[in-house]
Amino acid sequence: DYTAGRFGLAVTGFETYIKTFPRSELADDAQLNIGAALQLEGKYQDAVTAFDKVIVNYPGSNSVPQALYKRGACYEALQQVERARQSYQQVIKNFPDSDASFLAKQALERLSKQD
């Protein structure tokens with residue numbers, strides 16, 4: 001459903017997966033995909049909430065850097081620039097070698113040019 005662009009159905013599927021397999025090593029990925037689907041639908045505040053769940057519920061997960069970056073992008077879309085900056089800076093500080101850190105640096109550069 002996700003790859004076919006049926007994001008509402010995808011969210012439902014990912015939520016069902018997490019409820020059924022809450023301790024699965026893929027539960028963090030499912031939660032990240034919930035946020036991504038909501039982001040793609042333009043439901044930025046709901047996406048922020050979903051990304052926060054990745055950060056809080058799966059703190060040691062490899063999905064956390066991406067969740068922080070995507071949360072920053074959602075804050076940008078909501079025109080909450082300071083929160084976006086904080087999220088991007090958190091990625092860079094805590095996950096400096098991640099792909100998300102590279103993207104966060106680019107986002108911060110873009111934001112600084114807008115000031």
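Trainee: What does Glu41 form a salt bridge with?
Mentor: Glu41 pairs with Lys43, and their closest N and O atoms are 3.6 Å apart. A salt bridge here is a side-chain nitrogen of Lys or Arg within 4 Å of a carboxyl oxygen of Asp or Glu. Keep in mind that this is a predicted model, where local features need pLDDT of at least 70, side-chain atom pairs count only at pLDDT 80 or more, and totals for chains, interfaces and linings use all residues. Residues are numbered from 1 along each chain as its sequence is written, and side-chain values use heavy atoms, leaving out hydrogens and water.

Trainee: Is Glu41 buried, partly exposed or exposed?
Mentor: Partly exposed, at 36% relative accessible area; buried means under 20%, exposed over 50%, partly exposed in between (1.4 Å probe, protein chains only). Lys43 is partly exposed too, at 39%.

Trainee: How many salt bridges turn up in the whole structure?
Mentor: The search finds 5. One of them joins Glu82 and Arg85 at 3.9 Å, N to O.

Trainee: And how are Glu82 and Arg85 separated in helix H5?
Mentor: By about one helical turn, because they are 3 residues apart in that helix. Helices are DSSP runs (H or I, at least four residues), numbered from the N terminus. Glu82 is partly exposed at 46%, whereas Arg85 is buried at 16%.

Trainee: Switching topic: what is Tyr69 in contact with?
Mentor: Leaving aside neighbours within four places in sequence, Tyr69 touches Tyr88, Val91, Ala100, Leu103, Ala104 and Ala107. Contact means heavy atoms within 4.5 Å.

Methods
Helices (H or I, at least four residues) and strands (E, at least two) are DSSP runs, numbered from the N terminus.
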